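Student: Can we go through this structure together? I'd like the ground rules, then the details.

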Amino acid sequence: MTETETLIIGAGPAGAACAGELKKQKRDFILLDKQSFPRNKVCAGWITPVVFKALSCDPKDYPYGIREFHEFIIHLKKRDYHLKVRQYAIRRIEFDRFLLEYAGLEPVLHEVKKIENSGESFIVDGTYRARYLVGAAGSYCPVAKTFFREDPGTDVHRTVVALEDEFSYPIEEDHCHLWFQQEGLPGYAWYVPKAGNIVNVGIGGYAGTLKKTGENIKNKWKWFTEKLERQGMVKGHAWHEKGYTYRVRDKHPVLQKGNVMIIGDAAGLATRDMGEGIGPAIESGIAAARSVITGKPLLPRSIRKNSFSHLNVMQQLLWQRIR
Ligand SMILES: Cc1cc2nc3c(=O)[nH]c(=O)nc-3n(C[C@H](O)[C@H](O)[C@H](O)COP(=O)(O)OP(=O)(O)OC[C@H]3O[C@@H](n4cnc5c(N)ncnc54)[C@H](O)[C@@H]3O)c2cc1C
């Protein structure tokens, strides 16, 4: 049996941020992931400056492809708006690798199946024993499932279903576009051009609302990709969309029970307005490490302050229009 102080399950942004902070403080930990890196993750891949700030990293030092946006074009019902922003687009296959490299982390390849609570410690797959257990394995995290909820997929009103495709394309339209309240989509659609002639296209909507209206995300995908073709933004592409579901934030999320914690998508921390999850994953990862170090409860700043989004497109749009 391998013993450690903290066992972190999942090496995406949440787990990497937690492990990076523990490493900085010279604490003992093991970071597990079922996939070897670099690995891809279904995600539009835009991040706010807050993400780089949390990592104490200058975006200029980011070693992979990055594109800075100063404006979003928002299509709301039948009208178009230009929203001033400062955002970055990255590719998750590169960004998640960067997070590990930046902190000097090497995850152990292991898919967690069984977790037992044995008095003062946790035993994972009969192989690892740890005093603290951090669940960072995304929407279907085994730690969340074992200690926090029976079935992660049951809360349909907080569950977003999403489809996306990321591909090489000779980009002509280099603005980032977002479509809201169109074709009855209970969410939004995006077109994100990235560095190196990569485009990410996707749609996401609340599962509960889709179910109630008898709608299907695949029909919305068809509508959206046909629209992009018609508008000439993406022409003649053979679509290979991938799907993923994740939960957005509860008003009072439970992140900790004694020495077991859940962070990032495992805890459903993505923001309600935009489904922004990378920032909350990193923030909660750092906060979980600090909780291990200080013994204080895990309470990330944005949850303490009840601030649901770093971006909140609708509020900013309104603010820029009334000024
Ligand atoms: C279509 C789509 C678009 C999105 N766009 C954006 C966006 O533009 N900006 C943004 O901020 N957020 C976006 N998000 C949300 C964002 O992708 C997530 O919130 C973020 O990835 C959460 O990070 P995480 O570390 O919690 O989980 P993940 O990134 O999912 O990492 C979890 C890790 O755990 C590992 N794992 C899983 N199960 C096990 C197991 N049993 N044992 C060991 N390891 C395991 C996985 O291999 C994975 O590496 C989007 C989500 C979707 C679905």
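Tutor: Start with contact: two residues are in contact if their C-beta atoms, placed from the backbone, lie within 7 Å. Helices (H or I, at least four residues) and strands (E, at least two) are DSSP runs, numbered from the N terminus. This is a predicted model, where local features need pLDDT of at least 70, side-chain atom pairs count only at pLDDT 80 or more, and totals for chains, interfaces and linings use all residues. Residues are numbered from 1 along each chain as its sequence is written.

Student: OK, what do the buried residues of H1 pack against?

Tutor: They pack against strand S1 (2-9), strand S2 (29-33), helix H3 (92-103), strand S9 (128-135) and helix H7 (278-294).

Student: And how many residues of H1 are buried?

Tutor: 10 of its 12, so H1 is mostly covered. Buried means 20 or more other C-beta atoms lie within 10 Å of the residue's own; exposed means 12 or fewer, and partly exposed is in between, with C-beta atoms placed from the backbone. Among the buried ones are Pro13, Cys18 and Leu22.

Student: What span should helix H1 have?

Tutor: The expected span is 1.5 Å times one less than the number of residues. For the 12 residues of H1 (residues 13-24) that gives 16 Å, and the end C-alpha atoms are 16 Å apart, which agrees. Just after H1, lysine 26 takes a positive phi of about 60°.

Student: Switching to the sheet. What's the strand order?

Tutor: S3-S5-S4-S11-S12-S13-S10-S14, eight strands in an open sheet with mixed pairing. Strand S3 (46-47) and strand S14 (242-247) are the edges, each pairing on one side only. Two strands pair if DSSP finds at least two bridges between them.

Student: How many bridges join S3 and S5?

Tutor: Two, in the antiparallel sense. Tryptophan 46 stands opposite alanine 89 in S5.

Student: What about S12, why is it called largely enclosed?

Tutor: Because eight of its eight residues are buried. Four bridges join S12 to strand S11 (residues 176-180), antiparallel. Leucine 178 has tryptophan 190 in S12 as its bridge partner. Eight bridges join S12 to S13, also antiparallel. There, alanine 189 stands opposite isoleucine 203 in S13.

Student: Which residue in the S12 and S13 hairpin has a positive phi?

Tutor: Glycine 196, near 70°; three residues lie between the strands. In the S11 and S12 hairpin, with six residues between the strands, glutamine 181 has a positive phi of about 50°.
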